Amino acid sequence: MIKIAAQLLGFAGSLSLLLFGMNMLSEGIQKGAGNSLQQLLKKITGNRFTALLCGMCVTAVIQSSGATTVMVVSFVNAEILTLSQAIGVIFGANIGTTITAWIVAFFGFSFSIASAALPIFAFGFFIKHLKKHPVHNFAECFMGFSLLFLGLGLLKESLSLSDTAADFLEKLSYMGIWGIVLGVLSGTLITALLHSSSAMTAIVLTMAANGAINFKLASAIILGSNIGSTVDALMSSFGASTNAKRTAFVHVGFNTAGTLIVLLFFTPFLNLIDYVVPGSPKENITMHIAMLHTFFNVLTTLIFIPFVNQINSLVCHIIKEKTDSKDEHYHFPAILPGRRINADLYAFQAQKEISVMAQKDMEMFDNLFILLENKILWTEDSESSDTPYARINFLENYIDEMNDEIINFLQECSRLPTANAAERKHFSHLIHITDCLEGLSDECWSISYTLGKYIKNADSEFYSQRKKELSEYMEYVRVFFEHVCSDLITSKSLAERKQSDILEQKIDEMKHKLRKTSRYRMEEGSNIKAELGYSDLVRKIEKAGDCIYSIVAG
């Protein structure tokens, strides 16, 4: 029992080191590459073959098909990619992930890499402290690479099975179709738990190299791992848009259908691999498994790539767009931050929601103009009936909810280990913009409340005389907001900031001019209560302009 417990603990430790190394390698590459990988995915055209090549290259670089598919689901959710483009990328990601099997097959068992792992780790640790040089972002790439192979070496030692366990696996290998089914199921479940088909591939290659499993059982487990690898995309689609759910469904469906097709021709498929790879499986089993993994993904991609449009139509028919009424409360429709994905990816999702938030603020402005132009009185039932007052009140509460959820999301993103200093600064900038937009919604609500009182106190002649002045002033603030929203997310250039300074200064000058004119009218005997309400409105409209300016100034 002690020996079994020690072996299990050794396996758990070596597997953890292997997974940690893989994650560090992936994070290091993503951190070093910055947002260039995401930019590559964003530039995909409608050409399915370009999308396939892009998905294959990105996955081969970051060593994680799960990370690539989560990126794709996120981009579809943010409406950066279409569903058809995403399908091509997913096909390519499946091919790109086979590079891990070849790395392990070539380097993991051909010679002892453990002797070189420690110097590589030391090199990575050294450049990690070169903070002023961009190369420090790649430090985790070297450190993760060394830990990956140290873990692989320990895994090989821990998977030297006892005679009883070896006999059980040998019997499982000769159970015919049921042994194959059990192999596929175990590969699916274990990969789903590990969240890494690459780790599962490394385990299978290690067991096969140790003689614990034969080529047939190893192949079944590898096929199952392709289904289990879809768990990341599936989980990332929870709470996302309909098209994002469709993208995840395509990934699950493609990998499952491909596995079923190969299982129908399982023995001929293994014979094909045996024919292509020199030597028998017993003599060169790791190369056989790596070739099988590659052949499987390439062949299934060749089968399905001509039918991208048909797959698109089918999945749209299966997962229909929601037609029910929308919830009155805000729900952040984005992929939750995960440790394996570049932090910059999540900025795209937040930026989309911030743009929606700005549109809600603009809608509040539209309703203010309706109130002013139509002289709609405020009553006790105004906020519960179908009036601009009710709509403004609803939007103000809705934007408050957006503010809370978006800021919480951005704060969580900034704490991700993949976030570098530039990305954390960008998240802080997005938080500032979100907070300013929420402040603008508060001012719009305050204007509506003050406008309601003003309409009640001003007589018809007084109101008609002042309406044009207020309308022009509000329109100027609205134009300023449109100017800021034209490029809301990125930092403004010096020329744009100067233009914003001029507009904000003009709003202040107009405020002083209008309030000064109002004071003159009061001195000449105008309705004091109405004029005070007018001055209050002018002041609050100017405060709305200050909120808009703070977006740029921050």
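## Helices α21 and α23

Let's start with a pair of neighbours: helix α21 (residues 460–485) and helix α23 have axes that come within 9 Å and cross at roughly 5°. Angles under 35 degrees count as roughly parallel, so α21 and α23 are roughly parallel to each other. Sort the residues of this contact by class and you get 18 nonpolar, one polar and four charged.

Keep in mind that what you're looking at is a predicted model.

## Helices α20 and α23

Helix α23, which covers residues 528–553, also packs with helix α20 (residues 421–457). Here the angle is about 170°, and the axes are 9 Å apart. With the cut-off for roughly antiparallel set at over 145 degrees, α20 and α23 are therefore roughly antiparallel to each other. The contact of α20 with α23 is made up of 15 nonpolar, seven polar and five charged residues.

## A residue inside α20

Which helix holds Cys-444? Cys-444 sits in helix α20. Is Cys-444 buried or exposed? Its relative accessibility is 0%, so Cys-444 counts as buried.

What does Cys-444 touch, once its neighbours within four places in sequence are left aside? The answer is Met-364, Phe-365, Leu-368 and Ile-392. There's also Glu-396 to look at: Glu-396 and Cys-444 are 48 residues apart along the chain, and their C-alpha atoms are separated by 8.2 Å.

## Helix α4

Now hop over to helix α4, residues 65–77.

How many of the residues of α4 are buried? The count is 13 of the 13, so α4 is largely enclosed by the rest of the structure. Following α4 comes Glu-79, which has a positive phi, near 65°.

## The whole chain

Stepping back, the chain has 23 helices and zero strands. Its residues number 554, and 52% of them count as buried. The chain exposes about 25600 Å², with carbon and sulfur atoms supplying 62% of that area.

Conventions. Residues are numbered from 1 along each chain as its sequence is written. This is a predicted model: local features need pLDDT of at least 70, side-chain atom pairs count only at pLDDT 80 or more; totals for chains, interfaces and linings use all residues. Side-chain values use heavy atoms; hydrogens and water are left out. Axes are lines fitted to C-alpha atoms, for helices over the stretch in contact, and angles run from 0 to 180 degrees between N-to-C directions. Helices (H or I, at least four residues) and strands (E, at least two) are DSSP runs, numbered from the N terminus. Angles under 35 degrees count as roughly parallel, over 145 as roughly antiparallel, 65 to 115 as roughly perpendicular and the rest as oblique. Ala, Val, Leu, Ile, Met, Phe, Trp, Tyr, Cys and Pro count as nonpolar, Asp, Glu, Lys and Arg as charged, and the others, Gly among them, as polar. Buried means under 20% relative accessible area, exposed over 50%, partly exposed in between (1.4 Å probe, protein chains only). Accessible areas come from the Shrake-Rupley method with a 1.4 Å probe; for residues, only the protein chains shown count as cover. Contact means heavy atoms within 4.5 Å. The expected span of a helix is 1.5 Å times one less than its number of residues.
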